[in-house]
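Dear colleague,

I am passing on the structure below, together with some notes on what was found in it. Please read them alongside the model.

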Amino acid sequence: MGKDSKMIRLEDVHKSFGDLEVLKGINLHVKEGEKLVIIGPSGSGKSTLIRCMNYLEEPTSGKVYVHNHLMSRKRRAFINKIHSSMVFQQFNLYPHLTVLENLTLAPMKLKKISKAEAEQTAMTYLKRVGLEEKANVYPTTLSGGQQQRIAIARALTMQNRVIFFDEPTSALDPEMVQEVLDVMIELSHEKNFTMVVVTHEMGFAREVADRIVFVDGGRILEEGTPEHFFTNPENERTKAFLSKIIR
Amino acid sequence: MFDAEKWGLVWTHRQTFIDGTISTLLMALFGLALAMAIGIVVGLMATSHTKPLRAIARVYVEIIQNTPVMLQALFLFYAVTFAGVKGFSALICGIIALGIYHGAYISEVIRTGIQSVPKGQSEAAYSQGFGQIATMAYIVLPQTIKIILPPMVNQVVNLIKNTSCMFLAGGAVDLISRTNAFAVGEGTGSAAGQGYIIGGVIFFVICFPLSMLASRWEKKLKARDVATVTVRKKPDDVTDAELDMIISGKGGES
């Protein structure tokens with residue numbers, strides 16, 4: 001495939017917060033349909049990295065391309081609208097709207113889809129995450145696991161081909177992690193979806209990832225297939241990280 | 001105090017109080033409209049990512065909040081009048097002065113309201129493709145209403161009471177000016193106490209229901225959260241009509 005197979009392209013991306021340089025020159029391509037997992041210790045810059053992809057963080061320098069569109073602050077809304085969705089650590093459902101309204105707001109306002117059609121699509125995805133009976137309640141009445149599954153359904157209703165997951169299970173109680181991972185694993189079977197996932201769930205990474213990227217100190221230190229990572233990592237810091245996180 | 005003759009004087013001059021009330025309400029209404037417009041714009045400026053906008057908002061708010069409204073009104077009235085502007089009535093002066101003064105306070109109410117909404121809310125909206133204005137309109141501002149409503153109504157009540165500052169700046173039209181004119185008037189001065197009581201009663205009658213309305217609205221919004229918990233437990237047993245009853249606080253007891 002040609003240029004078009006690069007869904008996301010980061011070129012020499014730097015990001016500083018004040019004096020603190022969090023990303024120190026990231027070059028990364030994500031292919032269409034690829035399932036990319038980003039791992040790294042806390043404070044490594046992995047969350048900042050994924051947030052640069054949809055410009056929730058604006059890089060201090062460097063370029064971000066989404067489907068060959070050069071990202072900018074001005075074009076962020078347009079590009080995110082047609083290409084990507086995001087699932088957050090803290091769910092970030094809209095508490096003043098019902099579950100169904102959470103799922104239909106953006107399709108109706110941004111894609112000008114009729115209410116009936118948007119609701120029908122929303123119910124399809126709610127069913128897919130197993131929560132269609134929660135359509136008319138407010139999100140704050142639901143458990144963390146349920147809220148995150150709703151958030152995934154909300155991301156799906158925009159029907160974009162890229163979904164970013166920024167530590168989607170880190171804020172969950174342990175017993176709710178698996179229900180969210182199950183939904184994500186099910187999604188990963190779709191060839192068309194491009195998934196970029198920042199996570200500490202190594203079992204998930206091993207099962208789902210086409211490629212794993214290890215980030216530390218604002219740089220990509222190692223990348224490769226799950227087999228490579230879990231059997232034969234090369235970088236010393238990767239080894240140290242994996243030995244700590246896998247018991 | 002219970003002298004029928006003096007209350008009779010008030011009754012005879014009732015038109016004075018009616019005219020004053022109308023002027024005060026007009027001034028308050030248009031002043032509020034102006035204050036809301038200024039408050040929303042300056043409040044949004046104060047939360048913007050652009051430093052100069054934030055600085056302008058800050059300077060405006062600090063100057064207005066740290067000088068007396070009376071002085072601002074006097075300055076406005078005499079500066080404009082001496083500049084030779086024709087048709088600058090006390091009413092218009094009051095509308096502008098109160099709009100500018102309460103605009104500063106309302107902008108602070110809106111700023112704190114916006115800042116109380118977690119950052120993740122606007123990030124979720126941006127990630128879906130909403131722009132900044134749409135994010136404010138659909139996601140952030142609706143969540144601020146519950147928080148800003150009580151202080152906002154306080155501002156409305158204060159604004160109505162602050163029409164009294166027009167007594168010195170232009171004067172003669174608003175309720176305080178008319179009440180005072182009645183109280184010091186040659187034929188009516190003997191009923192000064194009664195006149196002031198009537199003026200006060202009128203202010204109270206206007207302001208008190210507003211305060212009540214605000215606290216009821218606030219309770220209703222809070223009740224909605226409770227109602228959703230009820231629905232969660234028995235999704236099929238609660239009809240929409242019953243839900244409305246719960247929300248409006250009418251149901252539940254019987």
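What is the area buried between chain B and chain A, and what percentage of that area do carbon and sulfur atoms give? Taking buried area as the accessible area (1.4 Å probe) that two parts lose on being put together, summed over both, the value is about 2200 Å², of which carbon and sulfur atoms give 58%.

This is a predicted model, in which local features need pLDDT of at least 70 and side-chain atom pairs count only at pLDDT 80 or more, while totals for chains, interfaces and linings use all residues. Residues are numbered from 1 along each chain as its sequence is written, chains are lettered from A and ligands numbered from 1 in the order in which they are written, and side-chain values use heavy atoms, leaving out hydrogens and water.

At the interface, 22 residues of chain B are in contact (heavy atoms within 4.5 Å) with 27 residues of chain A. The rule finds 1 salt bridge there, where a salt bridge is a side-chain nitrogen of Lys or Arg within 4 Å of a carboxyl oxygen of Asp or Glu. The side chains of A:Arg51 and B:Glu123 meet in a salt bridge at 2.7 Å, N to O. On the side of chain B that touches chain A, α6 (119-128), α7 (132-162) and α9 (192-233) of chain B each give two or more residues, helices being DSSP runs of H or I with at least four residues, numbered from the N terminus; α6(B) gives the most, with 8 residues.

Within chain A, A:Glu34 counts as buried because its relative accessibility is 6%, buried meaning under 20% relative accessible area (1.4 Å probe, protein chains only).

With best regards

Note on methods. Buried means under 20% relative accessible area, exposed over 50%, partly exposed in between (1.4 Å probe, protein chains only).
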